[in-house]
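Subject: Structure handover

Hello,

Here is the structure I promised to pass on. Please open it alongside this email.

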Amino acid sequence: MILVLAGTSDARALALEILEEGYSLLATVVTDNAANELRESGIPVQTGRLTDDEMVSLIETKGIQAVVDASHPFAEEASKNAISAAQKAGVPYIRYERESQTFHYEKMKVVESYEEAADIAAAKKGVVMLTTGSKTLRIFTEKLLGKPDIRLIARMLPRIDNMEKCEQFGLPQKNIVAIQGPFTKEFDQALYKQYGVTLMITKESGKVGSVDEKVEAAKELGIEVIMIGRPKINYGKVYSNFSDVVKELHKTVVPQMTK
């Protein structure tokens with residue numbers, strides 16, 4: 001059996017391909033919504049965050065033969081736990097990660113951390129649209145809320161816990177865009193125009209995360225962009241297409257099911 005860290009659309013597609021190759025698998029995700037989407041695709045799933053020790057226990061009880069980490073490029077803690085768990089349990093670890101993209105835009109600055117992005121934004125004036133999710137919302141509300149020349153707009157998934165975070169950190173309802181993508185360039189442009197955005201903050205999530213649409217929309221409107229680069233993690237074996245992941249699995253694990 002293969003353990004797949006999933007939760008994104010491309011992770012679901014990879015899990016289905018692994019099943020098609022004759023492997024049994026178990027996917028792990030954090031949210032109920034992601035779990036439901038996996039179940040609808042016929043993929044066995046377990047919901048909830050796992051520490052490395054909890055993942056070791058899961059590997060041992062389920063007879064996991066390899067860990068395929070297809071988590072989001074910014075799910076840093078999940079990846080580190082998976083690497084550690086695979087080492088402790090003595091099973092192969094394989095990383096699938098979306099390809100990175102290169103952007104050429106004179107008004108875009110690439111930074112290495114959320115804190116750096118928040119500091120740069122705090123020195124600006126105007127309307128800042130944050131599209132990096134709720135996980136690091138506190139960093140930006142602490143730096144930007146209350147500044148008389150800055151209006152912070154946060155775009156995030158329409159989940160109850162996200163709305164509770166916004167309330168907890170003091171972000172007004174009128175500054176929340178609760179919606180689920182992916183979005184077209186035209187949609188992003190309409191949103192930027194609606195709020196009069198002068199600076200957009202995003203992270204390098206890859207094409208599947210529609211980052212190119214967000215950046216291209218900003219570029220055409222002359223809006224400044226701050227791009228947060230991916231975490232620097234030593235994954236070991238990393239692949240950016242499904243076929244290479246499957247090939248690597250075939251080197252180490254014999255399928256136990258028939259197609």
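This is a predicted model: local features need pLDDT of at least 70, side-chain atom pairs count only at pLDDT 80 or more; totals for chains, interfaces and linings use all residues.

The nonpolar cores

The largest nonpolar core holds 26 residues. Ile2, Val4, Leu14, Ile18, Val68 and Leu249 touch the most other members. H1 gives the most, with four residues.

Take a look at Leu249. Leaving aside residues up to four places away in sequence, Leu249 touches Ile2, Ile18, Tyr23, Ala66, Val68 and Ile94.

There is also a second, separate core, with 24 residues. Phe74, Val111, Met156 and Ile176 are included in that one.

H1 against H10

The axes of H1 and H10 lie 10 Å apart, and the two helices pack at an angle of about 45 degrees. H1 and H10 are therefore oblique to each other. The crossing of H1 past H10 is right-handed. On the H1 side, the contact uses Asp10, Ala13, Leu14, Glu17 and Ile18. On the H10 side, Phe242, Ser243, Val245, Val246 and Leu249 meet them. By class, this contact has seven nonpolar residues, one polar and two charged.

H3 against H4

Helix H3 covers residues 52-62, and helix H4 covers residues 76-89. Their axes come within 8 Å and cross at roughly 50 degrees. H3 and H4 are therefore oblique to each other. Their crossing is right-handed. H3 brings Asp52, Asp53, Met55, Val56 and Ile59 to the contact. H4 brings Asn81, Ala82, Ser84, Ala85, Ala86, Lys88 and Ala89. Seven of the residues in the contact of H3 with H4 are nonpolar, two are polar and three are charged.

A loop residue: Ala6

Ala6 sits in the loop between E1 and H1. Is Ala6 buried or exposed? Ala6 has a relative accessible area of 12%. Buried means under 20%, so Ala6 counts as buried. Not counting residues up to four places away in sequence, Ala6 touches Ala11, Ala27, Thr28, Val29, Leu38 and Ser71. Pro92 is 86 residues from Ala6 along the chain, and their C-alpha atoms are separated by 17 Å.

Best wishes

Definitions and conventions
Residues are numbered from 1 along each chain as its sequence is written. Side-chain values use heavy atoms; hydrogens and water are left out. A nonpolar core is a set of buried Ala, Val, Leu, Ile, Met, Phe, Trp, Tyr and Cys residues joined through side-chain atoms within 4.5 Å. Buried means under 20% relative accessible area, exposed over 50%, partly exposed in between (1.4 Å probe, protein chains only). Contact means heavy atoms within 4.5 Å. Axes are lines fitted to C-alpha atoms, for helices over the stretch in contact, and angles run from 0 to 180 degrees between N-to-C directions. Angles under 35 degrees count as roughly parallel, over 145 as roughly antiparallel, 65 to 115 as roughly perpendicular and the rest as oblique. A crossing is left-handed if the near helix is turned anticlockwise from the far one by less than a right angle, and right-handed if clockwise. Ala, Val, Leu, Ile, Met, Phe, Trp, Tyr, Cys and Pro count as nonpolar, Asp, Glu, Lys and Arg as charged, and the others, Gly among them, as polar.
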